[in-house]
Amino acid sequence: MLTTAPLRGRLPAPWLCALTLCAFALQTDDFVIAGVLPALARGLTVSQAAAGQLVTVFSVVCAVAAPVAAVSTARLPRRALLTAALALFCLANFAVLLTSSYVALMALRVLAALAAAVALPTALAATARLAPPERRGRSLATVMAGLTGAMVLGVPAGTWAGAALGWRATFVLGGTLGLAALLLVRGTLPALPPAPATPLAARLRPPNRPAVLYALLAAAVAVLGNLLLQTYLAPFLHDLAGITPGTLGVLLALTGVAGIAGARAGGTLVDRWGAGAAFATAAPVFAAATAGLALCGVRRPAALALVVPLLAVWAAAAWAIPPAVQTRVLTLAGSAHGPQALALTSSAVYAGASLGGALGGRLLASYGPGALPVAAACCTPVALLLFAAAGRRRPRPVPPRQGALASSARHPQR
């Protein structure tokens, strides 16, 4: 039987810090290219559009590979699996120092994305197994705070390193963060046994459960609505309030801090009220904030005193949603399928992000920046309906032979 020390007081357990650093490193590496895109394009003698495909490929590979990797690695010990994935991630980033061609860099980005497709779902699954049931939502939110923290600290730091030392330094920073996460994971994460032996067909069964599919679709639609605006926040804010690049950096840091606070609040709501109530609280707040930003566009330029609070609420509400989704997916899929279910959640997030960026670009070109918050707000009712549909279906009972470990992983629907 797996036993772990509870999370006491205000200080998180060392293993939780390690998994949060893991998420921080992976998210930084995913988004930091945008900060050095012009220099990277010049260095590789390609267009900026071609250089931007390095980001797209990373997201697509993660979306496709995460569920496959979860199934194929289900019988491997969790700590060894996470260590190996982080080692591959570090090598793929450090090897950029030896790269001089676009094709070689693209291959290294694919390797880094494959490593991230294994590492992030494994980190989330380990968090769900190690955290006490009454603190599972907050623990998942802490790891998710590593993702938002990457937007506040990691991406700006990588951009600065690229400007000061050359674009390859950005990838060295990503590898260094990954190495720090690897060492901390190796030193603090308890040994976790692999998932119970399950036939391959049974491991692939959770996606066929309608409730799990509804929850995953709700996650994809919610992320689509968020990234639809976030991807094009710079042109939107410039059109709305004349925001300059210098001011934009400050506002992005502010939204990142608000996102961290929102993720923590979302986890607390899950633990106190349940996944359904937490989602039903955060999603309408997100819609209200985006609708407010749309209304600000009626009289441009809008005052910063009005725009900044709306941006903070928008970011906080957007990041309050993931803990509710993860908790519900875990509950619906059951403990035997927890890693696979969380891998599918990662895929749904990446798919929503890719679709949000594509749809936002079309709206921006066809209707202008003002259409972005309107479309983002319209995604909320769809996500709410899908999440409610998932909540109406109860998870199947876990067979008794799975024992205390399966029982400890369950979190009642509320």
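Me: What makes helix 4 and helix 7 roughly antiparallel?
Reply: In this predicted model, the axes of helix 4 (residues 78-94) and helix 7 (residues 168-188) come within 8 Å and cross at roughly 160 degrees. Angles over 145 degrees count as roughly antiparallel, and therefore helix 4 is described as roughly antiparallel to helix 7. The crossing of these two helices is left-handed.

Me: Which residues of helix 4 and helix 7 meet?
Reply: From helix 4 they include Leu82, Leu86, Phe89 and Phe94, and from helix 7 they include Phe171, Gly174, Gly175, Leu179 and Val185. Sorted by class, the residues of this contact divide into 13 nonpolar, six polar and two charged, with Gly counted among the polar ones by the rule used here.

Me: Why is helix 9 called roughly antiparallel to helix 13?
Reply: The axes of helix 9 (residues 210-230) and helix 13 (residues 304-333) come within 10 Å, and they cross at roughly 165 degrees. Since the cut-off for roughly antiparallel is an angle over 145 degrees, the crossing makes helix 9 roughly antiparallel to helix 13. Helix 9 passes helix 13 in a left-handed crossing, and the contact is made by residues including Ala215, Leu216 and Ala219 of helix 9 and Trp314, Ile321 and Arg328 of helix 13. The residues of that contact divide into 14 nonpolar, two polar and one charged.

Me: Are helix 13 and helix 15 roughly parallel or roughly antiparallel, and what makes them so?
Reply: Helix 13 and helix 15 (residues 371-391) pack at an angle of about 30 degrees, with their axes 11 Å apart. An angle under 35 degrees counts as roughly parallel, and therefore helix 13 and helix 15 are roughly parallel to each other. Their contact is made by Ala324, Val325, Arg328 and Leu332 of helix 13 together with Phe387, Ala390 and Gly391 of helix 15. By class, this contact has five nonpolar, one polar and one charged residues.

Me: Why is the pair of Asp29 and Arg109 called a salt bridge?
Reply: The closest N and O atoms of Asp29 and Arg109 are 3.0 Å apart, and the rule asks for a side-chain nitrogen of Lys or Arg within 4 Å of a carboxyl oxygen of Asp or Glu, so the pair qualifies. Asp29 lies in helix 1 (residues 14-31) and Arg109 in helix 5 (residues 102-130), so that the pair, 80 residues apart, links distant parts of the chain. By this rule the count comes to one salt bridge.

Me: How do you know where to read the model with caution, and where does pLDDT stay under 50?
Reply: The chain averages a pLDDT of 80, and 83% of the residues score at least 70. However, pLDDT stays under 50 over residues 1-9, and also over residues 395-414. Where pLDDT is low, the predicted coordinates should not be read in detail.

Definitions and conventions: Residues are numbered from 1 along each chain as its sequence is written. Side-chain values use heavy atoms; hydrogens and water are left out. Axes are lines fitted to C-alpha atoms, for helices over the stretch in contact, and angles run from 0 to 180 degrees between N-to-C directions. Helices (H or I, at least four residues) and strands (E, at least two) are DSSP runs, numbered from the N terminus. Angles under 35 degrees count as roughly parallel, over 145 as roughly antiparallel, 65 to 115 as roughly perpendicular and the rest as oblique. A crossing is left-handed if the near helix is turned anticlockwise from the far one by less than a right angle, and right-handed if clockwise. Contact means heavy atoms within 4.5 Å. pLDDT is the predictor's confidence in each residue, from 0 to 100.
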